Amino acid sequence: MVDIPEHLLLRSAEARAKALGISVEQALAEMKGESTPTVVAEEPEVIEIDTPAPAKAEVPAPVETPVTEEEPAKAEVPAPVETPVTEEEPAKAEVPAPVETPVTEEEPAKAEVPAPVETPVTEEEPAKAEVPAPVKAKAPAPAKDDSPEEVDFAPEVKVTQRLLTVVKAKPIQKASAEPVDKVNTWPHLMLPEFISLMAMMAFLIILSAILQAPLLEEANPNITPNPAKAPWYFLGLQEALSYWDPQIAGVMIPLVIGLIGFAAIPYIDRNPENNPSKRKYAIMMFTFFLAGAGTLTIIGVLFRGPGWNWTYPWIDGIWFDDLLDWIYFE
Amino acid sequence: MAKLTLRERFKKGAEGSGDSLRGSKFATSIFRPGSPFRKGYSDSPRNRSYVVMNNVLYHLHPVKVKRHGVRLSYTLCLGGMSFFLFIVLTITGIWLMFYFRPTEMAYADIQALQTSVAFGSLVRNMHRWGAHLMVLVVFLHMSRVFYHGAYKAPREFNWVIGVILLFLTLFLSFTGYLLPWDQLAIWAVTVGGNMASYTPVFGAQIKFGLFAGLEATTATLLRFYVLHVLFFPFIIVIFMAIHFWRVRKDGGISGPL
Ligand code: HEM
């Protein structure tokens, strides 16, 4: 048995006391089973129904269907009317998670209640149940008014409501991750990958068939070529070295900027945005870096000749041996 | 019994032998249950998953990926291309090792490779241009990662791994540069070594350790050779494994923007 919090018990005891004209203490004692109930009404069955609730967190909880249970009244009361319990199946629910719905119970109408015999409701027409039923309860669950409090009772009928339990209208499965639009890796990723790889392979083979890799004279430590150039990816650095004191250029640039500075980028840039328009500063800095490194490298490769002097490739030729075999301007 | 044309008989026979091969104990011991190679492939969501799940290589990928991530325009396949180039370089590199000695003979070996080994020139060119291409592609990959802000939480550490990969790629290329043992090789490496020697405090020691002496000699050649064919590939494979593992653990590809 669930422990019902004291304040809720109290609240429903008050309602009961009001309805039956007894004291609150009495009602409370009755509810706790410490004294015999005042009203000799048949205890209605408690029926709990499970309403499917959609699993998706964003979808508002499904229409809660308060189930109004009507007890057959005493002998004089005409045959009970079947109240249609509308079951609303949320169409989109992928994983229906059971949610307990507050169950409202209605006490059977009492003897002195004028029996609503006038209303001829036939069993054949359960659809019409909305039409004044014996106890003028609104048929359960017109989709909008979902709170049990709004049930409209006939004023002259004494009814009590009893709170059985309180359940938050929430799926029991908590969807913490946003649903992501995914596709099968095979074939949607692997096919484009395969095609890219084949394209790259074809490009590399054709390139290698056309361009001969350089092989100069055998290494000779006694003959220094002029200029002596590093591999192209270090030529920006070599170019920078020629401007500044080597101690600064040779160490600060590769080590500080390169290794430490680059690795630290995610820890420096704490802006969580990844939309380009919201990280203009970062993009500007990186673009400056790329442009600077690119310019230095191009100068180093194409515009530096003997003695590291400025040369124009279209006038003096290219002083870069890696390109020698296939671009020659002289 | 209806008469079959030769073609039909041939087809039938071929089908039958395929089935018995597929069903044989040997074949089923190779392919895992559910593998399309066991049951044949028909296009269904389940089989699409099995393709990935039952192949150790494809298993680098998850079964499903974000829809925007498969657009070629997002990653430009640059990371994948870096990896692919690395594999091509490994294969061509192993092939080159059959014909190369890191000694005084190095230069002659390269000459012989180009003139008297079948496809020698082509494979050497592929290895060299592929290496240049890999440096470029890794650099472009880094730039695309930056412009997508893909280094942000939770991917910070994978960026650090990436920077290490970039430097390993440069070291691989740089150590390979010396191996042909021609004037281009020795002087480019000398210039690079001199740049390293500008490091304050232990600049000279760094260069000495790298060159196995004060200048580039055949001792340097051996040192660079070992670094190039064994040490750096070994290290870079480890870091690549961490890199790929992190890409998946960090929730797949970043974005969409
Ligand atoms: C040998 C070099 C490298 C290889 C083989 C490699 C491979 C890959 C691959 C296959 C991916 C999957 C996504 C894609 O293709 O873009 C990836 C993602 C990534 N790489 Fe690399 N990478 C390398 C170097 C680098 C470098 C130099 C950096 C940065 C400094 C880097 C940082 C990243 C980051 C942060 C991701 C996650 C990107 C995202 O989620 O959008 N990688 N890498």
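Predicted model: local features only at pLDDT ≥ 70, side-chain atom pairs only at ≥ 80, totals over all residues.

Select His141(B) to begin: at 18% relative accessibility it counts as buried, because the cut-off for buried is under 20%. The histidines come from distant parts of the chain: His141(B) belongs to helix H8 (residues 120-147) of chain B and His243(B) to helix H12 (residues 218-249) of chain B, 102 residues apart.

## Stop two: where the chains meet

Show chain A and chain B together. The contact takes in 76 residues of chain A and 75 residues of chain B. Between them about 7100 Å² is buried, with carbon and sulfur atoms giving 69% of that area. On chain A, select Met200(A), Leu215(A) and Tyr233(A): they supply 9% of the area that chain A buries against chain B, more than any other three residues.

Next, pick out the charged pairs. Three salt bridges cross this interface. Arg67(B) makes a salt bridge with Asp181(A), where the closest N and O atoms are 2.7 Å apart. Polar contacts between the two chains come to 34 residue pairs. Which element gives the largest share of the side of chain A that touches chain B? Color H4(A), which provides 13 residues.

Most peptide bonds are trans, and most residues other than glycine have a negative phi. Here are some exceptions to look at.

- Trp186(A) to Pro187(A): this peptide bond is cis, with omega near 5°. Pro187(A) sits in helix H3 of chain A.
- Ala153(B) to Pro154(B): this one is also cis, with omega near 0°. Look for Pro154(B) in the loop between H8 and helix H9 (156-177) of chain B.
- Leu76(B): phi is positive, about 55°, although this is not a glycine. Find Leu76(B) in the loop between helix H5 (72-75) and helix H6 (78-97) of chain B; at 49% relative accessibility, Leu76(B) counts as partly exposed.
- Ala212(B): another non-glycine with a positive phi of about 55°. Ala212(B) lies in the loop between helix H11 (203-211) and H12 of chain B, and counts as partly exposed at 26% relative accessibility.

How values were computed:
Residues numbered from 1 in each chain as written. Chains lettered and ligands numbered in written order. Heavy atoms only, no water. Helix = DSSP H or I, 4+ residues; strand = E, 2+ residues; numbered from the N terminus. Buried < 20%, exposed > 50% of the residue type's maximum accessible area, 1.4 Å probe, protein only. Contact = heavy atoms within 4.5 Å. Buried area = accessible area lost by both parts, 1.4 Å probe. Salt bridge = Lys/Arg side-chain N within 4 Å of Asp/Glu carboxyl O. Polar contact = N/O pair within 3.5 Å; in protein donor to acceptor, adjacent residues only side chain to side chain.
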